[in-house]
Amino acid sequence: MNLKKTLSVALAALFLMACNGKQAVQINNVHKNGVVVTAHFLSSEVGSDILKQGGNAFDAAVAVQFALAVVYPRAGNIAGGGFAVIRTAKGESESLDFREKAPKAASERMYLDANGNVIEGLSQTGHLAVGVPGSVDGMVKLHQKYGSLGWEKLVQPAINLAKNGVTLTKLEAEKLNAYRERINQANAGKTNCCYIKDADFITGELIKNPELENVLIRIKNQGRNGFYEGETAELIISEMQRGKGLISKEDLKEYQAVWRPALIGKYRNCKIISMPPPSSGGIALMQLLNGAEKFNMGQYQFGSLEHIHLMVELERRVYADRATWLGDPDYCSVPKDKLLSDEYLTNRYSNIAMNSKSNSQDIKAGNVEVIESFETTHFSIVDKWGNAVSVTTTLNGNYGSKVIVEGGGFFLNNEMDDFSIKSGIPNQFGLVGGKANAIEPEKRMLSSMTPTIIEKNGKLFMVTGSPGGSTIITSVFQNIINAVEFKMNAQECVNAPRIHSQWLPDKVYAETGAISPVVKKELQNLGHIIQEQSRIGMMANISVNPKGQYIGAADTLRHADSKAIGY
Ligand code: DON
């Protein structure tokens with residue numbers, strides 16, 4: 001089937017779902033021993049091979065993170081960051097924060113001109129946009145604490161992929177072509193890199209990356225020192241000097257990923273295990289779920305006026321809190337307990353009316369649209385012992401800052417744009433912020449990434465997460481509601497059409513077909529402004545059925561390369 005046809009079949013399915021409430025999807029991806037769901041079939045294969053070799057879910061996660069850096073360079077990374085939420089077979093949970101940090105030389109006004117105006121693009125493209133990378137130290141720490149196989153074994157598959165080459169899929173070729181000019185511009189003068197080309201990338205083309213292969217060999221042999229010190233660090237520092245970037249030798253040497261207690265919440269008979277600050281994801285998700293329970297969201301039909309209106313009204317309030325209160329907990333005090341207290345939320349939601357829309361209008365903010373984007377990537381893994389890991393990792397924008405480390409063959413992130421670069425000015429996802437998320441040296445920028453694990457009646461129930469910038473939180477929220485309230489299976493949750501709203505701009509984004517014409521009219525009558533968007537989020541789900549079997553569900557409707565592989 002060609003792409004156009006596939007898409008129209010998919011959209012028709014989504015529309016049917018919106019009209020009928022839910023479309024049943026037969027589950028066939030059922031496994032006993034473990035499942036790996038990632039955005040690229042090759043990284044899913046790498047992860048499942050590690051499981052088959054006797055590795056645990058955490059071993060597989062390390063191997064997948066490195067493999068994604070080769071096969072999915074727009075978001076997979078060694079020079080980005082991310083979060084892992086884990087739940088061991090014993091039921092213990094923890095989270096790992098390998099988020100990037102601002103360089104020591106960063107300052108609050110670094111993206112503003114002398115008049116205090118934002119210099120267009122400076123926080124998004126080029127060397128100044130780069131935060132100190134966290135992914136390699138994150139993987140080292142994950143492996144040290146929970147890994148069972150040797151480190152070398154986990155980095156080797158990525159080395160093989162870089163050495164032997166990756167055949168470009170249609171989606172990857174299209175994405176590289178869409179960004180080719182920008183990548184070339186940001187890397188003017190460099191020639192020896194597989195991502196710098198004068199001609200179009202072609203589906204089926206074999207991309208070998210010998211520079212990245214060498215970096216990965218150093219990481220394999222030297223662990224974190226293979227990246228943060230020695231030859232790779234020197235390449236990064238030379239790159240910074242070439243483009244007047246701020247990352248110093250000390251920044252690299254001192255970077256440390258941090259173990260943090262996972263954020264734990266409750267939703268009906270489920271325990272929700274998610275990411276604490278510096279992600280806003282966990283707190284926002286718990287706030288939304290609290291509202292869904294208070295209003296008994298499940299009483300409404302899926303896709304009905306009430307269901308969508310209620311989600312939007314909750315989201316408006318939660319994203320307003322995000323903008324004001326959330327930031328790196330090591331630098332500002334996040335009033336987490338207050339934001340999650342039932343008393344606070346009862347009051348916060350007390351003015352939600354089912355028959356009228358509230359307005360976000362008196363709050364100052366820019367008017368940036370939500371961008372359709374999959375530049376982050378999420379993977380979910382479970383193993384035969386019952387260990388589970390949920391990882392969201394990113395360069396932020398597609399191919400991050402677009403800057404490739406010369407001689408290293410890898411992209412640098414543009415995570416600095418996740419800071420509030422000026423109070424009230426929206427970032428690339430339309431998110432605004434203030435003091436709590438202002439730039440400070442060595443501070444972590446606020447994130448929306450929401451890797452999450454759900455327990456039901458004390459047992460592992462679901463591992464989930466998504467890319468999508470500001471839409472991550474609402475995608476994960478809908479996924480949980482769909483599973484718990486609308487009794488959808490793992491694949492139905494992934495396939496279900498999604499909407500998104502985030503306080504500012506005061507709009508409801510809806511996937512094509514997510515809202516039926518009748519409900520659309522009803523929402524408009526209440527004053528909601530609806531904007532169609534072709535895709536929101538890209539879930540990677542694993543659920544556990546009553547027999548204790550794993551069901552892997554990839555979002556192939558929205559991203560054909562993604563795959564769930566189990567055994
Ligand atoms: O941490 C964050 O919230 C963003 N840097 C995530 C970026 C993202 O999800 C991009 N796209 N799909």
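Me: At what distance does a polar side-chain atom of Asp418 lie from a nitrogen atom of the ligand?
Reply: This is a predicted model, in which local features need pLDDT of at least 70 and side-chain atom pairs pLDDT 80 or more, while totals for chains, interfaces and linings use all residues. Residues are numbered from 1 along each chain as its sequence is written, and side-chain values use heavy atoms, without hydrogens or water. Between a polar side-chain atom of Asp418 and a nitrogen atom of the ligand, the computed distance is 2.5 Å.

Me: Which residue has a side-chain N or O atom 2.6 Å from a nitrogen atom of the ligand?
Reply: Asn396 also places a polar side-chain atom by a ligand nitrogen atom, at 2.7 Å. The side-chain N or O atom that lies 2.6 Å from a nitrogen atom of the ligand belongs to Glu415.

Me: Where does the ligand sit?
Reply: A cavity is a set of points on a 1 Å grid over the protein atoms alone where a 1.4 Å probe fits but cannot get out, and its lining residues have an atom within 4 Å of a point. A molecule sits there if more than half of its atoms lie within 2 Å of the grid points. The lining here comprises 15 residues, and those nearest the centre include Asn396, Asp418 and Phe429. The ligand sits in the largest cavity.

Me: How many charged residues does the lining of the largest cavity have?
Reply: The volume of the largest cavity is about 100 Å³, and Ser448 and Gly469 are among the residues nearest its centre. With Asp, Glu, Lys and Arg counted as charged, the lining divides into 5 nonpolar residues, 6 polar residues and, as the charged count, 4.

Me: Which strand gives the most residues to the lining of the second largest pocket?
Reply: The second largest pocket has a volume of about 460 Å³, and of its 17 lining residues, Lys456, Phe461, Val544, Asn545 and Pro546 are the closest to its centre. Strand 13 (459–464) and strand 17 (540–544) each supply at least two lining residues, strands being DSSP runs (E) of at least two residues. The most, 4 residues, come from strand 13.

Me: How many nonpolar residues are in the lining of the second largest pocket?
Reply: The lining of the second largest pocket has 5 polar residues and 3 charged residues. Its nonpolar residues number 9.

Me: Which residue does a cis peptide bond join to Pro277?
Reply: Most peptide bonds are trans. With omega at about 15°, the cis bond joins Pro277 to Pro278.

Me: What is the phi of Asn396?
Reply: Most residues other than glycine have a negative phi. Asn396, which has a polar side-chain atom 2.7 Å from a ligand nitrogen, is placed in the loop between strand 11 (388–394) and strand 12 (452–456). Its phi is positive, near 85°.

Terms used:
Polar contact = N/O pair within 3.5 Å; in protein donor to acceptor, adjacent residues only side chain to side chain. 1 Å grid on protein atoms, 1.4 Å probe; cavity = no way out; pocket = protein on both sides within 12 Å on 5 of 7 lines; lining within 4 Å. Points joined across faces, edges and corners; volume = space filled by probe spheres on them.
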